[in-house]
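These are my notebook entries from a first look around. Have the model open beside you and follow along.

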Amino acid sequence: MTDVWSNWSGWVKAWPKGLAAPSTEEEVAEVLRTAVSPIRVAGRGHSFTPLVESSGTIMTLWGLRGVIDHDEAALTARIKAGTTIQDLGPELFERGLALINQGDIDRQALAGAVGTGTHGTGGTLGSISAAVRGFRLATASGEIISCNSTENTDVFDAGRVSFGSLGVMTEITMQCRPIYALEETGGRMAIAEALARAAELRDANRHFEFFWFPFADHALVKILKEVDKEPRPRRRRPDGEMARDDKTMMWACEVSRLLPFMRGPIQKFMTSASGSRYSGGSGENGEQKTKVRWSHDAFPSDRNVRFNEMEYAVPAEKGPDCIREVGEHMRKCGVNFLFPLEFRYVAADDAWLSPFYGRDSVTISVHQYHRQPYKALFAGVEDIFRRYEGRPHWGKLHTLTAPDFEALYPKWDEFRGLRRRLDPTGKFLNAHLKSIFGEA
């Protein structure tokens, strides 16, 4: 094969010898028995790390899509692993179900979102991986095993966040809930107030997050509350079709890229132009209009301006101090950037390699426009994250290796032992994963 594979941002590329596109579980198993290693699975390319990069075989799961069945009493659904979260929302809705939580991008395949610990925000809400109640895994030998709280429990605990290093998920059973509507409010809030009141706003709302351009004095707060109101339909834009906000962001990125001295004024302008002030209480918030939508339409944002991203999860109580220091560094470091920082809460879980294992967390995301280099900006920020005991998102850029992860994850050695047992020849290990696991 001579075609190039690339991720969404365009910075990760691969020239595999083979491309496999199975449409059944049996075909997945056959690929694993016969294809050239390393074998890596591509979802929709929304990981910024080289998780999928391979000179051997890249397998797509586009042929494994749809809801297999659901359990009305248990509020669970069995879902083929290649189903995108965007397609899953309406399919669950037809069955009276919805995901408990989502992130603000829904283009990912479910297996990719689960495997990397993708998340939304909410002080009592875990990542997508935390809602997994079971999965079927095709191992390196082509064997298919069922993993849940009673079968292959060690693989279940390890595999919920394993970024394709244990095998290939073919179907996933998700804990769901009855359909629900969310009302979005928010607006500008002084960054000092947002940081001082972060825990209060987290506890008062089902979903709280904010975006902060470091050169601005205000953050853009976003609140989602569950409501008993009539939702309005939402038109989802196809990939590449830019809304006015996307076009404005693209223009701002290009101006800032070409005229770096404009980055501060542009960030201040974009903040001041983003609606009314948000009080964060039960009172009025200026003339702001609210939006009520079904959950699968309320969570996602259309992201058509491409970027590269670093994200770390730090202990929840340290989140405000950490982002304050990150913002100060970004203002002073001299590196050109435009995108805002993103601040979200995620509840603790028990998946062995989840960034949220055993601790409530705050995630802080740093973005860089895809036409600008990111390494210098991310290097300084990563030093701060590491001092705050941060754990990186597995699908987002970082420079950590095996010794770092051994110190961050209590179950690290157990995971590595299980991985070797399931994949003794390293069939799923590309160069990136060898570095992560300390494998020769």
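**Entry 1: overall build.** I began with the radius of gyration, taken over C-alpha atoms, where the globule rule is 2.2 Å times the number of residues to the power 0.38. A compact globule of 440 residues would come out near 22 Å, and the chain has 21 Å, which agrees. I also looked up the extent of the C-alpha trace, which spans about 60 × 50 × 40 Å along its principal axes.

I noted that this is a predicted model, in which local features need pLDDT of at least 70 and side-chain atom pairs count only at pLDDT 80 or more, while totals for chains, interfaces and linings use all residues. Residues are numbered from 1 along each chain as its sequence is written, and side-chain values use heavy atoms, with hydrogens and water left out.

**Entry 2: elements, surface and contacts.** I found 14 helices and 19 strands in the chain; these are DSSP runs numbered from the N terminus, helices being H or I with at least four residues and strands E with at least two. For burial I used relative accessible area with a 1.4 Å probe and protein chains only: buried is under 20%, exposed is over 50%, and partly exposed is in between. By that rule, 59% of the 440 residues count as buried.

The accessible surface (Shrake-Rupley method, 1.4 Å probe) comes to about 17,900 Å², and 51% of it belongs to carbon and sulfur atoms. I then turned to contacts, meaning heavy atoms within 4.5 Å. Among contacts with a separation of 6 or more, 72% come from residues 24 or more positions apart.

Entry 3: I picked out an open sheet of three strands, ordered β3-β5-β4, with parallel pairing. Its edge strands, each pairing on one side only, are β3 (18-20) and β4 (39-42). On average, neighbouring strands here are turned by 25 degrees against each other, direction ignored.

Two strands pair if DSSP finds at least two bridges between them; β4 and β5 (residues 57-60) have four. Which residue in β5 is the bridge partner of Arg40? I found Ile58. Helix α1 (residues 25-34) packs on this sheet and touches β3, β4 and β5, its direction making about 175 degrees with that of β5. For such angles, axes are lines fitted to C-alpha atoms (for helices, over the stretch in contact), and values run from 0 to 180 degrees between N-to-C directions.

**Entry 4: salt bridges.** How many salt bridges does the structure hold? I have 33 on record, each a side-chain nitrogen of Lys or Arg within 4 Å of a carboxyl oxygen of Asp or Glu.

In one of them Arg160 meets Asp350, with the closest N and O atoms 3.0 Å apart. Arg160 sits in the loop between α4 and β11 and Asp350 in the loop between β17 and β18, so this pair ties together parts 190 residues apart in sequence. Arg160 is buried at 4% relative accessible area, whereas Asp350 is partly exposed at 46%.

I next looked at Asp302 and Arg234, which pair at 3.9 Å, N to O. They lie in loops, Asp302 between α9 and β16 and Arg234 between β14 and α7, so the bridge joins parts 68 residues apart. Asp302 is buried, at 16%.

Lys396 is in the loop between β19 and α12, Glu311 is in strand β16, and 85 residues separate them. Both are buried. I also found Lys396 and Glu311 in a network of salt bridges with Glu309, Glu342 and Arg344.
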